[in-house]
Amino acid sequence: MSDAPEGIVEYAYDNITQWYLQWVEGQKSPRDRYAKRLLDEMPPSPSILELGCGPGVPVLQLLLHKGARVVANDISTKQIEMAKARFPAAELIAGDMTALSFEPESFDGAISLYTLFHLPRAKLKDMLVKIHSWLKPNGVFVFNLATVDEEEIHGEFFGYGMFWSSFDVDANQALLREIGFDLLQVDIFEAGDGKLEEDDPDFGAEFMWVVARKKDSSHDERNADKA
Ligand SMILES: C[S@@+](CC[C@H](N)C(=O)[O-])C[C@H]1O[C@@H](n2cnc3c(N)ncnc32)[C@H](O)[C@@H]1O
């Protein structure tokens with residue numbers, strides 16, 4: 001295992017597949033609600049990119065069920081194998097999301113839940129810029145981030161070493177606006193509405209849920225031509 005943050009994260013998720021799946025399946029979270037919110041913004045049969053799909057439950061499952069064409073990525077080969085076994089209709093790509101490349105304007109929508117906080121925060125802007133470029137004009141990105149101002153958090157997740165990194169809420173919002181997203185919705189929730197037991201991996205965590213739309217710059221250009 002590499003000591004780099006990506007190596008720590010990949011190793012953990014490769015080794016906790018069954019525990020993670022059981023936990024997600026037994027957990028109440030806003031995942032479904034936000035995946036449906038993305039679909040509400042989409043044209044029929046949308047193309048959607050999911051980053052950090054894990055075992056594909058419940059988000060990939062829901063998107064496919066609603067008729068989306070989905071490209072899903074995860075750094076953990078084991079998580080991708082689990083998703084592939086359940087959802088062969090998706091195009092599944094194993095690897096670090098920061099190494100992905102797609103044609104500009106490839107997707108109507110993108111979603112990434114409980115994942116972007118595993119990137120070292122120095123890499124977050126470049127990743128968001130890429131996601132923005134892969135979206136069609138007016139494309140929508142739904143995701144969550146952590147809310148603490150911490151460059152490196154090392155801890156344990158289901159008994160394995162884990163890495164997290166995060167900006168605070170204001171810095172996250174400023175970054176998204178600078179890149180060219182309109183923020184349609186920003187909600188801040190404590191995990192499990194603050195009712196989790198102390199032994200839950202998400203105990204005490206707070207997440208910022210975002211629905212963001214890529215600004216249609218061609219519209220701005222057309223208006224500039226008229227001026
Ligand atoms: C907490 S899980 C979330 C899984 C799923 N999105 C969900 O909501 O349950 C984080 C997932 O992100 C993946 N991940 C972490 N860093 C990644 C990276 N740099 N590139 C791609 N996937 C990554 C992990 O392997 C893991 O499956």
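**Figure 1. Residues around the ligand in the predicted model.** In this predicted model, helix α1 (5-15) and strand β2 (69-74) each supply at least two residues of the shell around the ligand. The most is given by α1, with three residues. In total, 23 residues surround the ligand. The closest are Tyr13, Gly52, Gly54, Ile75 and Met97.

**Figure 2. The open sheet of seven strands.** The strands follow the order β3-β2-β1-β4-β5-β9-β8, and their pairing is mixed. Two edge strands, β3 (91-94) and β8 (181-190), each pair on one side only. On average, neighbouring strands of this sheet are turned by 15° against each other, direction ignored. As a general principle, strands of a sheet pair through backbone hydrogen bonds, either parallel or antiparallel.

**Figure 3. Pairing of strands β1 and β2.** These two strands pair in the parallel sense, over five bridges. Leu51 has Asn73 of β2 as its bridge partner. Strand β1 is mostly covered, since four of its five residues are buried.

**Figure 4. Pairing of strands β4 and β5.** Strand β4 (residues 107-112) runs parallel to strand β5 (residues 135-146), and five bridges join the pair. Within β5, Val140 is the bridge partner of Gly109. Helix α6 (residues 124-134) packs on the sheet and touches β1 (47-51), β4, β5, β8 and β9 (206-214). The direction of α6 makes about 145° with that of β5.

**Figure 5. Helix α5 across two strands.** Helix α5 (residues 77-86) lies across β2 and β3. The angle at which α5 runs to β3 is about 170°.

**Figure 6. The two sides of helix α3.** Which residues of helix α3 (residues 31-40) are buried? They are Tyr34, Ala35 and Leu38. These residues cover an arc of only 100° around the axis, and therefore they lie on the same side of α3. On the other side of the helix, Arg33 and Asp40 are exposed. The buried residues of α3 pack against helix α4 and against the strands β4, β5 and β9.

Figure 7. The peptide bond from Val57 to Pro58 is cis, and its omega is near 0°. Pro58 is placed in the loop between β1 and α4 (59-65). In general, most peptide bonds are trans.

**Figure 8. Two residues with a positive phi.** Most residues other than glycine have a negative phi. Glu105 is not a glycine, yet it has a positive phi of about 60°. The loop between β3 and β4 is the place of Glu105. Tyr114, also not a glycine, has a positive phi of about 55°. This residue is found in the loop between β4 and α6. Is Tyr114 buried or exposed? Tyr114 is buried, because 20 other C-beta atoms lie within 10 Å, and a residue counts as buried at 20 or more. Glu105 counts as partly exposed, because it has 13 C-beta neighbours inside 10 Å.

Definitions and conventions
Residues are numbered from 1 along each chain as its sequence is written. This is a predicted model: local features need pLDDT of at least 70, side-chain atom pairs count only at pLDDT 80 or more; totals for chains, interfaces and linings use all residues. A residue is near a molecule or strand if its C-beta atom, placed from the backbone, lies within 6 Å of it. Two strands pair if DSSP finds at least two bridges between them. Axes are lines fitted to C-alpha atoms, for helices over the stretch in contact, and angles run from 0 to 180 degrees between N-to-C directions. Two residues are in contact if their C-beta atoms, placed from the backbone, lie within 7 Å. A residue is buried if 20 or more other C-beta atoms lie within 10 Å of its own, exposed if 12 or fewer, and partly exposed in between; C-beta atoms are placed from the backbone. The arc is that of the directions from the helix axis to the C-beta atoms.
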